[in-house]
Amino acid sequence: MNFIINKINIISRNIFIKKFKIYNSFKFLLYNNYYNKNFGDLYFNLSTLYFLNYKEQHIFGKILGKKIINKYIKNYKIINNYFNIYYTNLFYFKNIKLFLKKKLKKILINKNNKKKTILIDYSSPNSNKPLHLGHLRNILIGSMLANIYKNLGFKVIKSQIINNRGIHICKCIICYKLFFKKKNIYIKGDHFVGKLYIEFEKKLNKEIKLLTKKYNINKKKALKRSKLLKLVNLELIKWENKNKKTLKISNKLNNLVIKGFKETYKKLNIEFDEILYESDTYLLGKRIILKNLDNIFNLNKNDNSIYYIYNNKNIIVIRKNGTSLYITQEIGTLLYRIKRHKNLYKLIYVVGNEQKDHFQCFFEIIKKLNICKYKLFHFSYNNVNYLGKKIKSRIKLNNNIVLIDELINFVNKKIKKKFLNKKLNNNIIYKLSIGAIKYEFLKINPKKIINFNIKNTLSLKGNNGIYIQYTYVRILSIIKKIKINKIKLNYKNFFIKDNEKTLIKQLIDNKNIIEKTIKTNDTSILINYLYIISKTINNFYNYNKILKTKNLNIMKIRLIISKIILKFLYFNMRMIDIPILKNI
RNA sequence: GGUCACGUAGCUCAGUAGGAUAGAGCAACUGCCUUCUAAGCAGUUGGUCACAGGUUCGAAUCCUGUCGUGAUCACCA
């Protein structure tokens, strides 16, 4: 493919100079076509040659056409001002041979990226509630990007920071102290702590309602008078002053949550190279802020809080009571990472787009502090919505599936029910569930809102993860039945049908797709590609008999194509981390 | 109100480095299991690409405005 494009560029330049006396370095954008049978395998639009008029464009086309025909290019045709190129059978033969012999990594991936290290920060939950569907999108996008970068040759550090410090933790601590201390914990740790948080919010709401009635004041004023909130704030000061009793409860709750998170991650086959805790990093942030108090940050002399001016707004970085905030932690964590990892190439924060302002402010501060020579990048994805509103763990859906654990259970049951007559074992059902969930969340462009809907989102027909897994198993079952290693391809007996040509062309496109995915960080590009080739593969399977073909040569060729299909499916499924099945 | 996204078939989404006739899946209807795994294949129906201007030989794609939806604008994280 590339050599054809290069050749066209070289020949064209000659024509421009000799025929039209035009000296410029125009580069062609050629497109692969595997959608429309009436048009060429490779094409470009002659109108893009803006420096020639319509007549000249066609003269150019005709000269170019005659010159490019060779053993790989059979023919050319100009239709509607489009220059179409048609491949010879030898072209397909060569590509099949290449795909069969070489490792896909070598064919599909540029080697320039070796030794560069990328740190990807994703998931980063607060340790006051279980992981929910909002986190799920974050986890899956981050994990897939990490996978792709790894396959591209980068060294990847998958990093997670657990936000285990702050008001939210203290709310749980207070709730535990007041109402749950003597009760037994009989549910998953993260679910228990989530319950503490919800209970606290309920009690707080009650108190606020009472206060607003009693003193006839608005909510803001009531919040200031709240006894519960006062307790929480005191607890936060205690926490940052390392009060032993407070830290003991904090650690207990923290451990419960982390254990719960680990179980959930394991179900999804998600792993991290490092897990950091805000409790270990926030002091670094606090220190550097105090160090730069006069030149970058400002002290409010009335109440001793410290703020940074961003877009004419005062952003508080240290509270009047001396405790730190989200952004304090963010600065500290970056410092911690820089110390820990030397020679990073880039840091990518996979965080929701609602934090766009936060990251812009954060990056600005880092630039002024002049502490980081690495590229910082916020990859923002959009929300998961339910009934038009952003999903939060406190919302309960109809079937209670707002949490990741609940979603997995739900899908698991659904698949079990659907394939009841097939008597699948639990391991296969589990792999199908995970595949379905991952595919469903990743197939939508990250910059778009996912409107979560149980019926549509978890449809098990058509364009979904199971379809891909099934396609793989179908082809595998053929290969399993026959020893294929000794088969040799011979061009003399080479025969290929149109649907097989389409497939080869699509496989060639894999390289472009990967490059485009990484350029845009859009996971849906690769997923949709996988779906398109799977459709072609199923078409190939239905129309071309393989083991039952009488002609031995044709059977050999189709077996080899089947083997190549498996290679491609395996490679791409691994990138997305959809579980691969060996049988059903 | 300011800022940032998004608006494509009844529903869920592709297509946006301008380019040929706007594509899939679900839902509805029609065929195909004695045949390598029917979790599949093939087909029919379904579109004012939110609306209005502009740029261009050419706009779903770029620009401007309007409308609609969501996020954000905390001494929460």
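Predicted model: local features only at pLDDT ≥ 70, side-chain atom pairs only at ≥ 80, totals over all residues.

Student: Which residues make the nonpolar surface patch of about 240 Å²?
Tutor: Leu178, Phe179 and Leu231 make that patch. A patch takes residues with over 30% relative accessible area and no salt bridge, joining like charges within 9 Å and nonpolar side chains (Val, Leu, Ile, Met, Phe, Trp, Tyr) within 5 Å. A salt bridge is a side-chain nitrogen of Lys or Arg within 4 Å of a carboxyl oxygen of Asp or Glu. Areas come from the Shrake-Rupley method with a 1.4 Å probe, and for residues only the protein chains shown count as cover.

Student: OK, where is phenylalanine 179?
Tutor: Phenylalanine 179 is in helix α6, residues 167–180. Helices (H or I, at least four residues) and strands (E, at least two) are DSSP runs numbered from the N terminus.

Student: And why does phenylalanine 179 count as partly exposed?
Tutor: Because its relative accessibility is 34%. Buried means under 20%, exposed over 50%, and partly exposed is in between (1.4 Å probe, protein chains only).

Student: New topic: which residues form the positive patch?
Tutor: Lys102, Lys103, Lys105, Lys106, Lys111, Lys114 and Lys115. Lys and Arg count as positive and Asp and Glu as negative, with His and the chain ends not counted. Lysine 102 is in the loop between α3 (89–101) and α4 (104–108), and it's partly exposed at 44%.

Student: How many positive and negative side chains does chain A have?
Tutor: Chain A has 120 positive and 30 negative ones, and the centres of the two sets lie 8 Å apart. Each charge is placed at NZ of Lys, CZ of Arg, CG of Asp or CD of Glu.

Student: Now the inside. Is serine 433 buried or exposed?
Tutor: Buried, with a relative accessible area of 0%. Serine 433 lies in helix α15, residues 426–442.

Student: What does serine 433 touch?
Tutor: Not counting residues up to four places away in sequence, serine 433 touches Val411, Asn412 and Ile415. Contact means heavy atoms within 4.5 Å.

Student: And chain A overall, how many helices and strands?
Tutor: 21 helices and 15 strands. Of its 584 residues, 55% count as buried.

Methods. Residues numbered from 1 in each chain as written. Chains lettered and ligands numbered in written order. Heavy atoms only, no water.
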